[in-house]
Structure formats: structure tokens, C-alpha cells
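Here is a colleague's note for someone opening this structure for the first time. Please keep the sequence and the 3D view at hand while reading.

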Amino acid sequence: MQMPTGNKTPAGRVLFILLLLLICSGTATVGAQQKKSIEAVRTPDKMKIDGRLDEPSWPDAPSAGDFIIYNPHNGVPSSKRTEVRVLYDNDALYIGAMLYDEAPDSIFMELGERDEGDINADHFWIEISPFNDGLNGEMFKVSSTNVQIDNKLTTGDSWGHNDTWDAVWESHTSIVAEGWIAEIRIPYSALRFPGAENQLWGINFWREVRRNRETSSWNFVTKEFGATIAHLGELTGIRDIEPPLRLSLVPYVSGYLEHVSDEPGVGTSYNGGLDLKVGLTESFTLDATLIPDFGQVQSDDHVLNLSPYEVRYNEKRPFFMEGTELFNKGNIFYSRRIGGTPHLVRDVHGMIEDSEIVTRNPAEVSLLNATKISGRTDGGLGIGLFNAVTNSTWAEVENVLTGETRHIRTEPLTNYNMLVLDQTMKNDSYVSLMNTNVIRAAEKDEHFYTANVTGFEALLKSANRLWSASAGGSLSQKYYSAAETALGHSIGFNAGKTGGRFRTDYNFSLLSDTYDPNDMGYLRSNNEISHSLDFGYNTYEPFGNFMSTRTAVEFNYSQLYNPMAFTSADVELSGMVIFMNYWSFSLDLEFSPWGENDYFEPRTSDMSMYYHRPAAVEAGFRGDTDKSKRFYIEASGEYYRAWSDYGQHGYMWAFQPEFKVSRHFSFDYSISVEKMFNDIGYVSADPAEGITFGKRNVSTITNTVSGALVFTASSYLTLRGRHYWSRADYDGNYYTLQTDGALLDRIYSTTVDNSDVNTNFLNIDLIYTWRFAPGSELSLAWKNAIRGEGEQIITNGLENFSELFSMPQTNSISLKILYYLDYQNFRKLFRSK
């Protein structure tokens, strides 16, 4: 089989013809469902959230009932009776739910930490969209044990949940003879809504009966298209509300004790700062953090990176996780850039004299403050404004001959900005404009520059929500001190049938070789043009032992933008089935018949060289059992085989059992093993000797243990320990990369540069959390971190683990207290006096 080269392949024309045939193939329709409506009643009562629903106003409010099953039998009336009522006053919205159950002693009652949405307990929740646009909203969920979960709602996937958002609201549940009761108070400070005299909000109520895994909703939600927020009913009756001033402060104090094993003494530090939230109008809110402290966030899952690409780590700092849905538009905002690694931290050693050594080189920039303003107008225009300032960072260098020290700036004082405009339209469509700007206060320093990225994206859906088209594009700009400017651009387009049982879409992406949004965003690599065509078929109604199924085939073709050269083409097949007992199983197969021309592995900036990866096949599976059982298992595996003279092959398997010991205690253990044999990868580059590749065996084993001891819904102890061990063992075979992508045997002196690497990361996080009042929290954390990297390959696991504890380790104990101060609470307190 001959590999396609350059732009001679007819793949683009083939994809275009297939797309035309698809468009002419017709469409299925889904019957429109009439929206349900419920009226909220103003209450004069002083509401007490106690899970009893005994205030006089509750019987006066109409009830929402006749729930319809979402899972497993979509569209069938629920087997359980549910009644929900809604009250309101000038301060908050109140929801009272009577969830009938003929066997209240069988209601699942597991406890969990806040925002742990998959505990073994019954649940009731509200999805609400004050702007009723089918695109944006909030979810407030409570378990039968009063564990709170709250999310932002978007149209990102079938459920459309962003679980990084935390609001301050009240709830209480109780078990009664008829079932269980949920009583919820949502203050207007947790919502944003139009400034209209008469409000019309989107709303839906949900219920999960955990023991039979039945999930049902008040307003019908089809599985065939759209996120759940696109299927809300209507809430009427809210009128003439006078929303109070939304002003809250969350000051904090924290203290740390830290000991590094190879350093004398124990370090101490104390911090203080605050978070501020101000409701500028009913629809817009300002959030700010001053001198934040993120020392207790979960440790990153570090890895050995043998690739030419940057590793992307998840955001775990609360301020950058909450209320950022607008800033995710356009995929040009990666919050880990803010307070991340200094720009020149890896260049310092190349900026010093022979007689100098680096005595201090901070690996993290300190964040001074961050502010975000976001909201939506009555006309559906969302506006988001983000700003953050980080301090300058300096490395310290000492002259070993004279003892003199000097400082090298690795990051100047930097200002990060983002502006987003997002206009909602009918049929759950939207159009967005966004801009990021990074200004570094170093006008005459050639190492630094100002960066700007401007982009847009739009999504249009048909009236029946079954067809959609989206497009987007961005322009990146870098302004250097020498009056130089670097420009780059990206373009994306997607169209197809994205709802119903049969689905298909075509996707096009273009990234120029100079497009670079990475000063405030994350892009793994640029310089690519890609096409993909997907076909899928889903079933949603149970048949036999199957609850639902999903099958898909995807054709992909990629090439460089500059020069226009072939890189890869592959076919992917996938299938998934969920059984009636809630077990699931999936299979994936990927075939690359022409292999891949990898222009990034050689690490040449001008893309003048590439490594030709041979034709290969990769197959994988994943399966899990019913998570509502006390014992749960998840397993997965992959196998890779390449057709080459080097015998490249490998496999991966992972196994994760989870055991719920009691309603208070659960733990899980996971192990993953990945081995690649005769892997070919980059070693070094030399102007005289060219680019050197080597053959290696790469082995990675990751063990993770986590558990939770939950005393009450607001008091719990969590543990997470992770050991990552990866080694790359070169077998002595080295090659020189040729211009045609092939490899030529060569002699390489490993005495000068040993390529082997043995890497260990061990992190243990033990955290006690007590939410002693709404929005207020005390946390006590112990963190242990060990990192080791050497050139000696260790193959024995016990020997490696023993060696690990001889490496430098950092232990820290920290206490942090934050207290939620709300202006309305002070106002009521002073009025009572």
C-alpha cells in the first residue's frame, strides 16, 4: 500500500462527496413536546428550612407532578409519585418536594462529601434557567442524606454539567412514613435573572430512585437530542420582586508548617486574604480574590513526558473553577497560565557565566489578585470580563569566585485580561466573540512580549434541534520590543445531524504554523489541517437485555499547514452498550493504514524533518458494573501493534475496584500498567551529527488509593495517595533520522549522555473538612510529596519503592479557615436589634 504524499490525495474530495450524499439522505423527526408550567406563590411566612414543609403557604402553592422517566424507559410515566411546590419572597426561591416511596426503609442513604454526585443515595434536584434561553442555567441537587451538589448548566454535552461551581444555599431532608422530603432555599444571590417586573424562568425537577436506578423528570427530557437544559418547563408567578443588595465577603486565614527532608528545621508561614462577591445588578456579578491561598488544593498528577508536547494539568483552584463558563468560549483560556511557570525558568542556566551558579529559581509565579465580572442582559447578551495580576519573579545567581549575587528576571509583572460577548438566539443557538490579552511590564526586554488573541464562534440549530452547524476562528498576535509582530490564525467548521438515532457530521480544522494562543490558552500543537467524517447510530429504548447502545465510525485525515504535506489518515470504530442491570461495555478500534509522518517528534522549528511512524492498529475495551452496588469494578485495556522491522508493540490495562463499607465509609483502589516495547523516540540533536532517535522499552505503573470517612453531610475526612513510576530503558540501538523519515543505524556514546530515565512521583493528600456554616469552612490538611528522577533503571518494584523513600520529600501541615459574611444577614441582625 503506497503512502499518500503532499496534496495529491483525493481524500478531501471524497469527504466532500460523502457530505453531499449525507445532506440529501433525509432526516428523522422527533415529536415536539409541550412544555409544562408551574406557578410560584409569594409567601409572607418566615421560612424555616427544616425538611418539614409545615409553613402555611405550602398548601397554597400548586404542585408539579406526573414525572416522566428519563432512564431506563425514556418517556414512560414514573413508578413513583412526586409532588413539588415553589414559593418565593424578596430574598429567595423556596422549593418543597414530597417524594413518595412505599418502602421508606429501603431508601438509599449513603453520606458523601459536598459535590459528590454519585453516592448511593436517592436524589432530588432542580434545573433552573432564569433567562430561559435553553443554553445557560444552574442545578441544585440534594441527596436523601442532605449532601449538596450544585453545577452550572451548559449545552456542552448530553447532561451539560459544569461541576466546579459552588453556591451558598440551604437544604434539609427528612425521612417520613410516606417517603422523604426535600426543602430547599435558593437565595437570589446564587442566581442571575432579568430585571423584568414579571419573570418567566425555565425550570425542571428531577428525581432518582437509587435502588432501581430510575431517573425521572417533571418536564419530559428526550435522550435523542440536546442537553437537559434544552428541555425545561416554565416557572411563572414571580413578580414585583425587589432583589436585595448582593454583597458577600469570604475572608480567610491560613498557616503552614513545612519540612523538607534534606533541609534543616521546619518552615512556617501565615497567610490572609479574602474573596469578594458583589451583585452589580440583578444580572451581573463581580467576583474578586485578593492574595489568594491555594496551598490545600489536590496535588497534580505529574507524569514523565517523553513527547514534544506540553502536559496539560486540570485546574483545581476554586476561584478559577467557579463561574467561568463564559470564559471557556473559543477554547483560548487556560487558567493554569495565571500563576503558572515563569517564562524563562528553564533558560536561566543558559544566561549565566561559567563562574556562576543558580541558587534560587522559583518554579511558580505568585498571584496578586484576580477579578471577573459576568452576567447576561434581558436581551440574552452574556458579558464576561476577567482580569488577573501576577507579581514579577526573579532567579538568584551567585558568583562562586567573588561571592557576589545578582538577579535574573524570569517573569515580569503581568496583567491577564479576557473579554467575552455571547449572544443567545432561538433554537438553543448562539454567537460569541472573545479576546484575551497578556501585557508584561518589560518594555525593553527582548525576552518578553505582549500577546493578544481574538476569536469568534457560532452555533446554529434547526427548529427540531436535530441538525446543527458551527464555525469559529481566532487570530493570535505577539508584539515584541523590537517592533516585530507575529500573526497566526485558526479556522474551524462543523455541520451535520447531531440529534436523533442516526447521527453524522463533518468537521474541519485549520491551525496555521504561527498560530499561538498559549500565553493565556492551551494548544497542544499548531500547523495542522484536519478533516473528519463521523457516522453513528444510537438506540435509546430498552430491548432484550440492552438498555441503550451506541455505535460509530469515524474517518480522519490530517496534513501540515506549512508545508502542505500529509501527516496521517485513520479509521476509528467504536461501540458501547449499557445492559439492563446497569453494567456497561465498550470496544474501540483504530487503524492507521499509511502510518504517520510525525513532524513534531524531531523537534525542528522549521518542520524540515519528520519521522515516519509505521502502519498500526490499536484496539481497546472498557467495562464497569452497577455503581449502586456496594462493590463496584471498572476495568479497561488496550493493545497496540505496528508493522515495522523494529517490532513496536505495547499494551495497557487498568483495574479499579470500589467498596462501600458503610453509609459513612468508602474507599477505592486503582492500578494501571502501560508497557511499550521497542518504542522509537527522539534522543538529541546536534548540528554535526543530525537528529538522533533511540529504541527503548517504556513502562509505567500507577497506583492510586482514595477513601472518604464521612461523619455528617458537612464534616468529612478524605485521603488520596498516588504513586507513579515510569521508566524509559534504551537498549543501545540508536539511529540518525533521514530526510525521508526513515532511520539509519549509528553509534551513539551513552557514556557522554545516558538517555535512560527512571521517574517516581508520590503524593499523599489527607484533608479534614468541616463546613460549619453556609459558605464557611475549616480545613486541616497534611500533604506529602516525593519526586525522584535518575538515570539508573530499576526493574524490581519493591527495590524501586524502597529507593523512593531515600529521596528528598516534602511534608506540610496546614490549617485554613474561611468565613462567609453576607450583607443581608448583617442587615437582618441589626433590624432585629
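**Notes on a predicted model**

1. Start with Glu658. Glu658 sits in strand β37, which covers residues 649–660. This is a predicted model. Is Glu658 buried or exposed? Glu658 counts as buried, because its relative accessibility is 13% and the cut-off for buried is under 20%. The side chain of Glu658 makes a polar contact with the side chain of Lys660, at 3.1 Å. Which residues does Glu658 touch once neighbours within four places in sequence are set aside? They are Lys627, Arg630, Phe631, Tyr632, Phe667 and Asp668.

2. Next, confidence. The average pLDDT for the protein is 90. A score of at least 70 is reached by 93% of the residues. Residues 1–32 are another matter: there the pLDDT is below 50. That stretch has 37 contacts in the model beyond near neighbours in sequence. Please treat those contacts with care. Where pLDDT is low, predicted coordinates should not be read in detail.

3. Salt bridges deserve a point of their own. The count comes to 40. One of them pairs Arg52 with Asp54, with the closest N and O atoms 3.5 Å apart. How does accessibility compare for these two partners? Arg52 is exposed, with a relative accessible area of 57%. Asp54 counts as partly exposed, at 42% relative accessibility.

4. Asp301 and Arg720 form a salt bridge, and their closest N and O atoms are 3.1 Å apart. The two residues belong to distant parts of the chain, 419 residues apart. Asp301 is in the loop between β17 (284–290) and α2, while Arg720 is in strand β40 (residues 715–737). Asp301 is partly exposed, with a relative accessible area of 27%. Arg720 is partly exposed too, with a value of 23%.

5. Compare the pair Arg440 and Asp519. The closest N and O atoms of this salt bridge are 2.8 Å apart. Why does the pair tie together separate parts of the sequence? Arg440 lies in strand β24 (residues 429–440) and Asp519 in the loop between β28 (502–511) and β29 (528–539), so the parts that are joined are 79 residues apart in sequence. Arg440 and Asp519 are both buried.

6. Salt bridges can also link up into a group. Arg114, Asp115, Asp150 and Asp166 are joined in a network of salt bridges.

7. Now a sheet. Three strands form an open sheet in the order β18-β21-β22, with antiparallel pairing. Which strands stand at the edges? They are β18 and β22 (405–411). Each has a single partner strand, so one side of each is left without a neighbour in the sheet. From one strand to the next, the twist averages 35 degrees.

8. Strand β21 (residues 393–399) and β22 run antiparallel and are joined by six bridges. Glu396 stands opposite His407 in β22. As background, strands of a sheet pair through backbone hydrogen bonds, either parallel or antiparallel.

9. The bond from Asn71 to Pro72 is cis, with omega near 10 degrees. Pro72 is in the loop between β3 (68–71) and β4 (82–88). Asn562 and Pro563 are also joined by a cis peptide bond, with omega about -5 degrees. Where does Pro563 lie? Pro563 is in the loop between β30 (546–559) and β31 (566–579).

10. Last, backbone angles at two asparagines. Asn132 is not a glycine, yet its phi is positive, about 50 degrees. Asn132 is found in the loop between β6 (123–129) and β7 (137–143). At 22% relative accessibility, Asn132 counts as partly exposed. Asn331 has a positive phi of about 55 degrees, although it is not a glycine. Asn331 is in the loop between α2 (318–321) and β18 (356–360). Is Asn331 buried or exposed? Asn331 is exposed, because its relative accessible area is 56% and the cut-off for exposed is over 50%.

Key
Residues numbered from 1 in each chain as written. Predicted model: local features only at pLDDT ≥ 70, side-chain atom pairs only at ≥ 80, totals over all residues. Heavy atoms only, no water. Helix = DSSP H or I, 4+ residues; strand = E, 2+ residues; numbered from the N terminus. Buried < 20%, exposed > 50% of the residue type's maximum accessible area, 1.4 Å probe, protein only. Salt bridge = Lys/Arg side-chain N within 4 Å of Asp/Glu carboxyl O. pLDDT = per-residue confidence, 0-100. Contact = heavy atoms within 4.5 Å. Pairing = 2+ DSSP bridges. Axes fitted to C-alpha atoms, helices over the stretch in contact; angles between N-to-C directions. Polar contact = N/O pair within 3.5 Å; in protein donor to acceptor, adjacent residues only side chain to side chain.
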